[in-house]
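Subject: Handing over a structure

Hi,

Here is the structure I promised to pass on to you. Please have a look at it first, and then read on for what turned up.

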Amino acid sequence: MKHRVVEILFRRKLLLLLPIPINMTLAIGAATRPQPPQYQANARAWVDQYVELSRDERLGYAPGPAQAGLLMDFVHTRSFARSVIEKTSLAPLLADQTTEGGALGQFWGSVGVAASSNSFVTITVTTWSPTLSLEIAQALVSKFEETLRARGETQVKLASTLYAQTTEKTRDAAERSRVELATYLAAHPELGRGTDATATARDATLSRLVAQADYDQVAYREAKQRYDQSLTLGAAGLENQTLAFTVVDPPELPTAPLPHGRTALLKLPVVGLALATILSAVTAVLLILTNRSVLGAPTIAGLAAFPVLGEIPVLKRRRWLWQRAPRHGVRLLLSAPAQRASTLGPVKA
């Protein structure tokens with residue numbers, strides 16, 4: 001089996017080695033081609049400032065990675081991307097559907113957001129123009145701050161509306177309870193004011209109305225307190241919303257393009273060599289598994305139980321100029337038995 005595999009690989013050696021020079025040539029050409037300069041604008045933001053562990057209920061929460069993931073989710077939304085591009089020089093491209101996709105693709109490919117630590121987020125924008133990089137970075141930071149503030153305002157409005165509705169309902173219920181109690185006392189003057197324990201003990205209806213009025217009044221006071229607290233916390237939350245995303249290093253205009261290191265030039269050739277090796281290995285396996293030809297005496301001996309007396313060599317022309325032509329040597333090999341028999345003379349019976 002080993003000899004058969006070696007024979008198949010040797011016969012197809014040029015086919016197996018062909019992907020390596022082709023892939024290496026393409027990879028080296030792609031790595032050495034001139035690349036346009038790239039300009040990068042950076043911004044760093046401080047997110048979700050420090051809170052004492054005894055007061056923080058979000059155990060295990062990482063502000064930096066969470067905020068970076070949130071910003072990247074916004075970046076890859078179409079509405080957020082369009083709102084950012086509208087503030088840059090790429091805005092005219094959004095007016096035409098044929099160029100809108102290219103503008104969005106360029107924006108998505110140029111923006112990168114990563115958490116540099118547990119409390120800091122780094123925003124990078126890389127384009128072919130220093131002015132465009134600065135415009136996208138500034139528009140991105142500004143739009144994200146607006147989005148966070150709008151989200152906080154929406155939450156405050158929803159909470160205030162909910163608590164206001166609850167307060168109004170409990171106030172109406174308390175007012176109805178007081179009216180019912182006053183009406184019942186006016187219809188039964190013998191009960192007097194009806195607030196002492198003796199009167200409520202003598203009249204079950206009065207006892208029920210008094211209890212209901214007290215319950216509704218307490219519910220109204222609690223709802224009013226929650227409503228006031230929501231207004232206070234909402235106002236404080238809007239004022240402190242900037243603390244959730246504070247730009248420490250604003251983006252600046254890039255003055256020089258990004259340098260191209262030698263390590264980056266080696267990536268494509270290494271990848272090309274690896275792909276060529278994998279392709280050659282897969283081709284070799286396919287050739288070995290799909291080859292059904294008879295390569296010599298061992299193949300016949302493995303297929304049938306017949307002895308092999310000899311093999312007829314294959315006559316080939318010389319492949320390379322420095323190789324000797326084997327045809328004359330094969331001719332001498334075939335004529336050797338006849339010459340040896342003629343020297344021995346006729347065979348006696």
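Which residues are linked in a network of salt bridges? They are Arg78, Arg82 and Glu100. A salt bridge here is a side-chain nitrogen of Lys or Arg within 4 Å of a carboxyl oxygen of Asp or Glu.

Before going further, a word on the source. This is a predicted model, in which local features need pLDDT of at least 70 and side-chain atom pairs count only at pLDDT 80 or more, while totals for chains, interfaces and linings use all residues. Residues are numbered from 1 along each chain as its sequence is written, and side-chain values use heavy atoms, with hydrogens and water left out.

Now the overall picture. The protein chain has 12 helices and 4 strands; these are DSSP runs, numbered from the N terminus, with helices being H or I of at least four residues and strands E of at least two. Of its 349 residues, 26% are buried. Buried means under 20% relative accessible area, exposed over 50%, and partly exposed in between, with a 1.4 Å probe and protein chains only. Among the contacts (heavy atoms within 4.5 Å) with a separation of 6 or more, 74% join residues 24 or more positions apart.

Back to the charged pairs. There are 5 salt bridges in the structure. One of them joins the side chains of Glu100 and Arg82, at 2.5 Å from N to O. Because Glu100 sits in helix α6 (residues 97-110) and Arg82 in helix α5 (residues 78-85), this pair ties together parts that are 18 residues apart in sequence. Glu100 counts as buried at 10% relative accessibility, whereas Arg82, at 24%, counts as partly exposed.

Two other bridges each stay inside one helix. Glu175 and Arg178 meet at 2.3 Å, N to O; they are 3 residues apart in helix α7 (residues 130-187), which means about one helical turn lies between them. Asp228 pairs with Lys224, with their closest N and O atoms 3.2 Å apart, and these two are 4 residues apart in helix α9 (residues 204-239), again about one helical turn. Asp228 is partly exposed, with a relative accessible area of 33%.

How do α5 and α6 pack? Their angle is about 90°, with the axes 10 Å apart, so the two helices are roughly perpendicular (65 to 115 degrees). Axes are lines fitted to C-alpha atoms, for helices over the stretch in contact, and angles run from 0 to 180 degrees between N-to-C directions. Arg78, Ala81, Arg82, Val84 and Ile85 in α5 meet Glu100, Ala103, Leu104, Phe107 and Trp108 in α6. By class, this contact has 7 nonpolar, no polar and 3 charged residues; Ala, Val, Leu, Ile, Met, Phe, Trp, Tyr, Cys and Pro count as nonpolar, Asp, Glu, Lys and Arg as charged, and the others, Gly among them, as polar.

Enjoy exploring!

Conventions: Parallel < 35°, antiparallel > 145°, perpendicular 65-115°, else oblique.
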